[in-house]
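Let's explore a protein together through a few questions and answers. Have a look at the picture first, then follow along.

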Amino acid sequence: MTAEERSPETAQAVSRRLRELGLKIEGSPMEPLIQNLYKELEAKGIELRPQCFVADEWGCPDGVPAIGIPFYLIDPELAAVEELETAELESEAEVRRLLRHEAGHVFCYAHKLYVLPDFRELFGPFSRPYLDDFQPQPFSRSYVRHLPGWYAQKHPDEDFAESFAVFITPELDWHKQYANWPALKKLIFIEEKVKELGKAPPQVTVKPEDLTFEAGLDVTVPEHYQRLKAEPAVMNLGEQIDPDLVELFGPPAADGEPAAKFIRQQRKTLLRGVIYWTGARSDVVRGLIDHLSKRVEVLGLVVPAARVNEVSASLASLVTTLVINHMVRGKFFEL
């Protein structure tokens, strides 16, 4: 959605601070999805109904049993802005997965499960430092798989939330799927705690009027996305990657599509695929892809029609390799 395509209401909204937009979950596209989460919890014998509030991103405040819902999911036109800016707008299926994950945090915080010795033994100490950058062990069977990027391995808090999400997923036979996995013990722990606490009053509660976590909403829509772009991580590449790009795309061809356009078309698929299989931060992957797009445009590279599939596969391999280098070494390659 370009500036010219925005409705007058959206044009006015993007110039105001997020907290001033009057966004409400009631009556929004998120309301039925939250109600569906409640039904999934009820089906598992859990009476807890997580409070939800509008936030700048997904998440539960530390120790607070409430779910922050990203502002752009409240309004369809703001969702279109999110898709344009990040290429990461969640599908309905992804939103359901994220709600189950956040409900896991809520259940853990509401019943203070993280203080239990059994929690520490199975998931690890809750006090472990929470790092944005972590090096996952791909395909480890000590962790369930729910959100992309081996997310359960990030922290004991996330490990529990991911395990809880698997436990409440409808029509999922987790006993069978995780048979003979060490992760099965975590799911059985959750099953036992749900039987014990599913209908019990929570130790920690939160009132709707107390959900005023507005620090992330004290920005305009453009400022929000500029802040995302300003996240540390990305460029120590400069022009150093140019020879590799020339080799990948090959000499110019008369029937070629501009490589910059090609990368932009591949952006969403590349972004999601690389994040899913590597566990890398989205700002790192997004920044890298956007940098490559700028460099091929400067170089005037094209994708010959006869090599589209080959170039697509090679591009995915290049991005994945650079991202893994960044995860392991803190840089894309040695300069």
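Helices here are DSSP runs of H or I with at least four residues, numbered from the N terminus. Keep in mind that this is a predicted model.

Q: In which helix does phenylalanine 164 lie?
A: Helices are counted from the N terminus. Phenylalanine 164 falls within residues 156-168, and that run is helix 6.

Q: Is phenylalanine 164 buried or exposed?
A: A residue counts as buried under 20% relative accessible area and as exposed over 50%. Phenylalanine 164 has a relative accessible area of 1%, so it is buried.

Q: Which residues is phenylalanine 164 in contact with, leaving aside its neighbours within four places in sequence?
A: Contact means heavy atoms within 4.5 Å. With those sequence neighbours left aside, the partners of phenylalanine 164 are Leu41, Ile46, Arg100, Ala103, Gly104, Phe107, Ile190 and Val194.

Q: How far apart in space are phenylalanine 164 and cysteine 108, C-alpha to C-alpha?
A: Along the sequence, 56 residues separate phenylalanine 164 and cysteine 108. In space, their C-alpha atoms are apart by 9.1 Å.

Q: In which strand is valine 302 found, and is valine 302 buried or exposed?
A: Valine 302 belongs to the run of residues 302-303, which is strand 4. Its relative accessible area is 14%, and the limit for buried is under 20%.

Q: What is the distance in space between valine 302 and proline 258, C-alpha to C-alpha?
A: Valine 302 is in contact with several residues beyond its sequence neighbours, including Phe249, Gly256 and Pro258. Proline 258 is 44 residues away from valine 302 in sequence, yet the C-alpha distance is 4.4 Å.

Q: How many disulfides are there?
A: A disulfide needs a pair of cysteine sulfur atoms within 2.5 Å. By this rule the count is zero. For cysteine 52, the nearest cysteine sulfur belongs to cysteine 60 and is 8.6 Å away, so cysteine 52 is in no disulfide. Likewise, the nearest cysteine sulfur to cysteine 60 is that of cysteine 52, at 8.6 Å, and the total of disulfides is zero.

Q: Are cysteine 52 and cysteine 60 buried or exposed?
A: Cysteine 52 has a relative accessible area of 17%, and cysteine 60 has 16% relative accessibility. Since buried means under 20%, cysteine 52 is buried and cysteine 60 is also buried.

Q: Where is alanine 87 found, and what is its phi?
A: Alanine 87 sits in the loop between helix 3 (76-86) and helix 4 (92-110). It is buried, because its relative accessible area is 6%. Although alanine 87 is not a glycine, its phi is positive, at about 60°.

Q: Is asparagine 180 buried or exposed?
A: Asparagine 180 is in the loop between helix 7 (174-177) and helix 8 (184-197). It has a positive phi of about 70° although it is not a glycine. Its relative accessible area is 77%, so asparagine 180 is exposed.

Q: What is the radius of gyration of the protein chain?
A: For 335 residues, a compact globule would have a radius of gyration near 20 Å. The chain agrees with that, having 22 Å.

Conventions: Residues numbered from 1 in each chain as written. Predicted model: local features only at pLDDT ≥ 70, side-chain atom pairs only at ≥ 80, totals over all residues. Heavy atoms only, no water. Buried < 20%, exposed > 50% of the residue type's maximum accessible area, 1.4 Å probe, protein only. Rg over C-alpha atoms; globule rule 2.2 N^0.38 Å. Helix = DSSP H or I, 4+ residues; strand = E, 2+ residues; numbered from the N terminus.
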